Amino acid sequence: MQSGSSASRKFIPKAVTVLTLSSASSAWGVGLPSSLGGPILVFGKIGQVGSALVRLLGSRAIPPSVEEVDFEKPRAVSSWLERYPARPVAVINAAAYTQVDQAEKEESRAFSINAESPALIASYCAKRDIPFVHYSTDYVYPGDGVEPWTEQSKTGPLSAYGRSKLAGDEAIAAAHGKFLNFRTSWVYDSMGQNFVNTMLKLGAERENLRVVSDQIGAPTYALHLAHATLRTLEAALLQARFPSGVYHACNSGETSWHGFAEEIFAQARKLGFPLKVKEVKSIPSSEYPTPARRPENSRLNCAEMRKVFGIELPNWKIGLKECLEAKGHSSQ
Ligand SMILES: NC(=O)c1ccc[n+]([C@@H]2O[C@H](COP(=O)([O-])OP(=O)(O)OC[C@H]3O[C@@H](n4cnc5c(N)ncnc54)[C@H](OP(=O)(O)O)[C@@H]3O)[C@@H](O)[C@H]2O)c1
């Protein structure tokens, strides 16, 4: 899987912008730049990234529900799009089958949702010259070694979920339209089922926890990713030639799930979250068997995003802080 040719890229970013929540609110909360001044179709509006996109886009977002557009029925997705009356400025797909373990038992369902439907949307967009934005995952890589993966690294998914996402990536590139496909990692948000919320729940109930420490990656705050998505899309639309391709996009820095858990508890304690937890024991993945195999090395090199668009996501600890603060405020 290769990203688009960097030789054709004309846009030279003047400086790298490290995104923060405050820049997110000022840049996107009030109004969008004119290049994005039109309706944007957003699939996956209830999900972590999709709901953040809808929040940032406000009335510009057109977010169909799962009931209206069910990705499990690719032909129905196609006919819904064919009947769609307006021409969107862009289509963003944040819908996905993300139950990594369950996918081992439901591989064909995962393929319909993660590969077949996105392929049809990509082809709809390509025919109409509409930019298509999609998300992929660190789980497309084989997970060996310690070097961060680049967009040119050889893929080799270890799980059904990873295979379904990779099939989606390949189909989107093969549609030969304008596309941005952001490969991200370890996504969480203040709401919903994710590692942060699971840790906060378990940490409030138990004194001792065991968390794996041999998988390394970058936890990514959904709101940061959504913000980076829109900034990148805007930058791409301003380029003489749309820089289609796969781009790694995650919060910077790296940690293990164990390191992430320790940081969640350290920050949550400072913010006054109720916690019983005293010890977080570090364990190898072999002591926490799961139906799907996860990569040990989930490090993603995000240099391409920085080089082409001048955009870098903040350190993962900043993302966590902003997420916990948002969570604290919403529970008051
Ligand atoms: N979560 C992670 O750790 C992670 C890591 C790397 C990459 N990614 C990628 O990042 C993207 C966003 O992930 P996320 O964490 O925001 O996912 P998420 O919270 O699980 O949300 C996925 C969305 O897809 C929708 N969806 C599921 N099945 C559908 C169907 N049959 N038809 C239409 N919509 C359907 C869900 O709707 P319902 O809620 O109504 O089912 C939900 O709105 C995905 O492409 C994912 O593969 C995620």
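## Confidence

The model is predicted. Its average pLDDT is 90. A score of at least 70 is reached by 88% of the residues.

Where pLDDT is low, predicted coordinates should not be read in detail.

## Around the ligand

The ligand is surrounded by 25 residues. Gly47, Gln48, Phe71, Ala96 and Val187 are the closest. By class, the shell holds 13 nonpolar, 9 polar and 3 charged residues.

Helix H2, residues 48-57, supplies at least two residues of the shell. Strand E5, residues 132-137, also supplies at least two. The largest share comes from H2, with 3 residues.

## Helices H4 and H5

Helix H4 spans residues 107-128, and helix H5 spans residues 160-174. Their axes come within 8 Å and cross at roughly 15 degrees. Angles under 35 degrees count as roughly parallel, so H4 is roughly parallel to H5. The crossing is right-handed.

On the H4 side, the contact is made by Glu107, Ala110, Phe111, Asn114, Ala115, Pro118, Ala119 and Ala122. H5 contributes Ala160, Tyr161, Ser164, Lys165, Ala167, Gly168, Ala171 and Ile172. By class, this contact has 11 nonpolar, 3 polar and 2 charged residues.

Key
Residues numbered from 1 in each chain as written. Predicted model: local features only at pLDDT ≥ 70, side-chain atom pairs only at ≥ 80, totals over all residues. Axes fitted to C-alpha atoms, helices over the stretch in contact; angles between N-to-C directions. Helix = DSSP H or I, 4+ residues; strand = E, 2+ residues; numbered from the N terminus. Parallel < 35°, antiparallel > 145°, perpendicular 65-115°, else oblique. Left-handed = near helix turned anticlockwise from the far one by under 90°. Contact = placed C-beta atoms within 7 Å. Nonpolar A, V, L, I, M, F, W, Y, C, P; charged D, E, K, R; others polar. Near = placed C-beta within 6 Å. pLDDT = per-residue confidence, 0-100.
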